[in-house]
Amino acid sequence: MAKISQKWLVVITVLLGTFTIILNNSMLNPAVPHLMTVFEADAVATGWVITIFMVTMGMVMPLTGFLGDKFGKKQLYMAGLAVFLLGSLLGSLSWNLPSLIAFRGLQGIGGGVMMPLSLALIFEVFPRDERGLATGVWGVAAMMAPTIGPTLGGVIIELGSWPWLFLCNIPTGLLGLIFSYMYLQKSEKMSGIRFDKWGFFTVTLGVGSILLALGRVSELAHLTAPVNLALVVLGVIAIYCFVKIENRTEQPLLDLSIMRVPAYAYSVWIAMISSISLFGGIFLIPLLIQHVYGYGAVMTGLVFLPAALLTGIFMTIGGKLLDQHGPALVVTPGLCIVAIGTALLGFIDMETAIWVVFLLNAVRGIGMGLSTMPATTAGINAIPDKFVSRGSAMNNVLRQMSSALGIVFVSIYFEVRRGQVMAVNGGSIEEASLTAITEGFLIIAVLAVLSVPAGFLLGHEVKKQRKTELAETAE
């Protein structure tokens, strides 16, 4: 182990923690029907097992920049991982549904602390021209875990019992905690910083309300429910107040001035569209494989495996290309590949061979690997180092909200459009489902196309910033 350089040990350390968190969350999605039976609860109540994690994670993320500066990034990261492990242990011992939901909320708090700090810890030990490869390796966890998690969760439910969904976090989590203690470098604590309590209150209320509303929506009727509408309105008002407060505060919780850095703003837009595309596909492809083609859960998992593998490979390749040539030659082609692969999924029919779905999803994986993490790295590289924690936190919050929004939009579109097709054209439910699914892919493809100009602009801004820095250095 001593032969591995210190900075790569940091990458391995945060990868362990990140992979554990994302894998666990994605493993629980296929377990919801089983948990409904175990706790004799309906789908709405059991759905809180997923929703509460998303809500608490999103609410805690904006705090990580301040807490990291106040207490040190290493200490805070270890505390977050410890909280997540405690939530996992208690979750396995849950005696009823409310206790399980509470412990999932505890897991979300730990995950919300860790995710933004992962990038910040990597950026601290790698120079700017090596960060692409480092974040590419780390990003394998963020992109692969959601694709293999549902398959692994299904296997655990089939062959074991539901507490193992939580207990399987313990070994890798403990290893991550040991590695954190041994290999993460202590960062300096900043003195004299003040807590922006009104900023915290408004952003927590805003993000929490919107994520809660999105987590409660799975069909069109939910979208117009008074409680959900009220939550969205409350969330929008709170975020508007947060922006006003942050622009007037000397020490804001999240310095929104970084959004005026064009490269960072473009990278956030790409991250949001990529999240919608990724999680929209994760929602639609199982419906295609199981409801239209009639295969089982195992085949669904197999469809995701080549995409996950290629995402990891091309994320590493994309990171190298980013370090060598900048984002222009990697992010834009990646976004184009995502758009093409997604669009082609919009033209499949009942006779399409299953290997075609394997191939097109794998193509999407290549594009995701080339575009998502390199864009995020280039954007955070463009802001001052002192803002890295807060820039990462903002990126993660917006990515989290985009993922939730993407799933809600695609699920509602699927239900509504399938019903319309059956009412107008008749035919089988499989044919109606296929129409709704393919149209969903085409809509996602349009969004991916709209993100391509952001890839061009990101490359242009990074090149311009580097020229400015070189000119300043020469003077």
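Mentor: Begin with contact, which means heavy atoms within 4.5 Å. Keep in mind that this is a predicted model. Asn24 touches Phe84, Arg104, Gln107, Leu165, Phe166 and Asn169, when residues up to four places away in sequence are not counted.

Trainee: In which helix is Asn24 found, and is Asn24 buried or exposed?

Mentor: Asn24 is found in helix α1, residues 6-28. A residue is called buried when its relative accessible area is under 20%. Asn24 has 0% relative accessibility, so Asn24 counts as buried.

Trainee: What about Phe39: buried or exposed?

Mentor: Phe39 sits in helix α2, which covers residues 32-39. Its relative accessibility is 17%, and therefore Phe39 counts as buried. Leaving out residues up to four places away in sequence, Phe39 touches Trp95, Asn96, Leu97, Leu100 and Trp162.

Trainee: How do I read a pair of helices? At what angle do the axes of α4 and α7 cross?

Mentor: Look at the distance between the axes, the angle and the handedness. Helix α4 (residues 48-60) and helix α7 (residues 97-125) have axes that come within 7 Å and cross at roughly 35°. The crossing of α4 and α7 is right-handed. On the α4 side, the residues making the contact include Trp48, Ile52, Phe53 and Met57. On the α7 side they include Leu97, Leu100, Arg104 and Gln107.

Trainee: How many of the residues in the contact of α4 with α7 are nonpolar, polar and charged?

Mentor: That contact has 13 nonpolar residues, six polar ones and one charged one.

Trainee: Next, pockets. What is the volume of the second largest pocket, and which residues lie nearest its centre?

Mentor: A pocket can be described by its volume and by the residues that line it. The second largest pocket has a volume of about 470 Å³. Its lining consists of 23 residues, and Asp69, Met190, Lys386, Phe387 and Arg390 lie nearest the centre. Helices α5 (64-71), α7 and α18 (388-425) each supply at least two residues of that lining.

Trainee: How does the lining of the second largest pocket divide into nonpolar, polar and charged residues?

Mentor: The lining has nine nonpolar, two polar and twelve charged residues.

Trainee: Which residues does Asp323 touch?

Mentor: Asp323, placed in helix α15 (residues 297-325), touches Arg128, Asp129, Glu130, Arg131, Gly132 and Leu133, not counting residues up to four places away in sequence. Its relative accessible area is 18%, so Asp323 is buried.

Trainee: And which helix holds Leu434?

Mentor: Leu434 is found in helix α19. At 8% relative accessibility, Leu434 counts as buried. Apart from neighbours within four places in sequence, Leu434 is in contact with Leu288, Val292, Ile348, Asp349 and Met350.

Trainee: Where does Ser451 lie, and what does Ser451 contact?

Mentor: Ser451 lies in helix α19, residues 429-474. With neighbours within four places in sequence left aside, Ser451 is in contact with Trp269, Ile270, Ile273 and Leu335. Ser451 counts as buried because its relative accessibility is 1%.

Conventions
Residues are numbered from 1 along each chain as its sequence is written. This is a predicted model: local features need pLDDT of at least 70, side-chain atom pairs count only at pLDDT 80 or more; totals for chains, interfaces and linings use all residues. Side-chain values use heavy atoms; hydrogens and water are left out. Axes are lines fitted to C-alpha atoms, for helices over the stretch in contact, and angles run from 0 to 180 degrees between N-to-C directions. Helices (H or I, at least four residues) and strands (E, at least two) are DSSP runs, numbered from the N terminus. A crossing is left-handed if the near helix is turned anticlockwise from the far one by less than a right angle, and right-handed if clockwise. Ala, Val, Leu, Ile, Met, Phe, Trp, Tyr, Cys and Pro count as nonpolar, Asp, Glu, Lys and Arg as charged, and the others, Gly among them, as polar. Buried means under 20% relative accessible area, exposed over 50%, partly exposed in between (1.4 Å probe, protein chains only). On a 1 Å grid over the protein atoms alone, a cavity is a set of points where a 1.4 Å probe fits but cannot get out, and a pocket is an open set with protein on both sides within 12 Å along at least five of seven lines; lining residues have an atom within 4 Å of a point. Grid points are joined across faces, edges and corners, and a volume is the space filled by probe spheres set on the points.
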